[in-house]
Amino acid sequence: MKKEFHHVGIPTTNTQPNETYLEGAKLYVTDANAAPNRIEMLRFEPGSPLPEILKTTAHVAYVVDNLDAALAGQRVILPPFVPMPGVKVAFIQDGEVPVEFMEISK
């Protein structure tokens, strides 16, 4: 399986410039592609249904060529979903750290 670094995601309680709101997740997120060091900031609203570990712990994200294959045998903490057109993601837990896998349509 091919895996390529994409970004580091960091939870915050501070409003960030150019946040995008993901209504179903009750989450504001910045665009890691626009950040010089590939950092994505995540600000959760009260009642966000996402796992607590994502709200409190930084994560690393990788682009994978096959999301299903990347998840095989892993401890999935957030099953695949589509946060925006052309991007399907899921989160696993590796020890105490959440890891995001992203499959991006070309």
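Predicted model: local features only at pLDDT ≥ 70, side-chain atom pairs only at ≥ 80, totals over all residues.
Residues are numbered from 1 along each chain as its sequence is written, and side-chain values use heavy atoms, with hydrogens and water left out.

**View 1. Strands E6 and E7 meet in a hairpin.** Helices (H or I, at least four residues) and strands (E, at least two) are DSSP runs numbered from the N terminus, and two strands pair if DSSP finds at least two bridges between them. Here E6 (residues 76-84) and E7 (residues 87-94) are antiparallel partners with four bridges. Look for Val 76, which sits opposite Ile 92 of E7. Two residues separate the strands, and Gly 86 has a positive phi near 85 degrees.

**View 2. Strand E8 pairs with E7 and with E5.** E5 (residues 59-64), in contrast, runs parallel to E8, joined by four bridges, and Tyr 62 faces Phe 101 in E8.

**View 3. Twelve residues make up the largest nonpolar core.** Such a core is a set of buried Ala, Val, Leu, Ile, Met, Phe, Trp, Tyr and Cys residues joined through side-chain atoms within 4.5 Å, where buried means under 20% relative accessible area (1.4 Å probe, protein chains only). Its members include Leu 22, Phe 44, Ile 53, Ile 77 and Phe 91. Strands E3 (27-29) and E4 (39-44), helix H1 (52-56) and E6 each give two or more residues to this core. Another core, of nine residues, lies apart from it, with Val 60, Ala 90, Val 99 and Phe 101 among them.

**View 4. The largest pocket holds about 470 Å³ of space.** On a 1 Å grid over the protein atoms alone, a pocket is an open set of points where a 1.4 Å probe fits, with protein on both sides within 12 Å along at least five of seven lines; lining residues have an atom within 4 Å of a point. The volume is the space filled by probe spheres set on the points, which are joined across faces, edges and corners. Of the 27 lining residues, Val 29, Glu 40, Met 84, Glu 100 and Met 102 lie nearest the centre. E6 gives the most to the lining, with four residues.

Conventions: Buried < 20%, exposed > 50% of the residue type's maximum accessible area, 1.4 Å probe, protein only.
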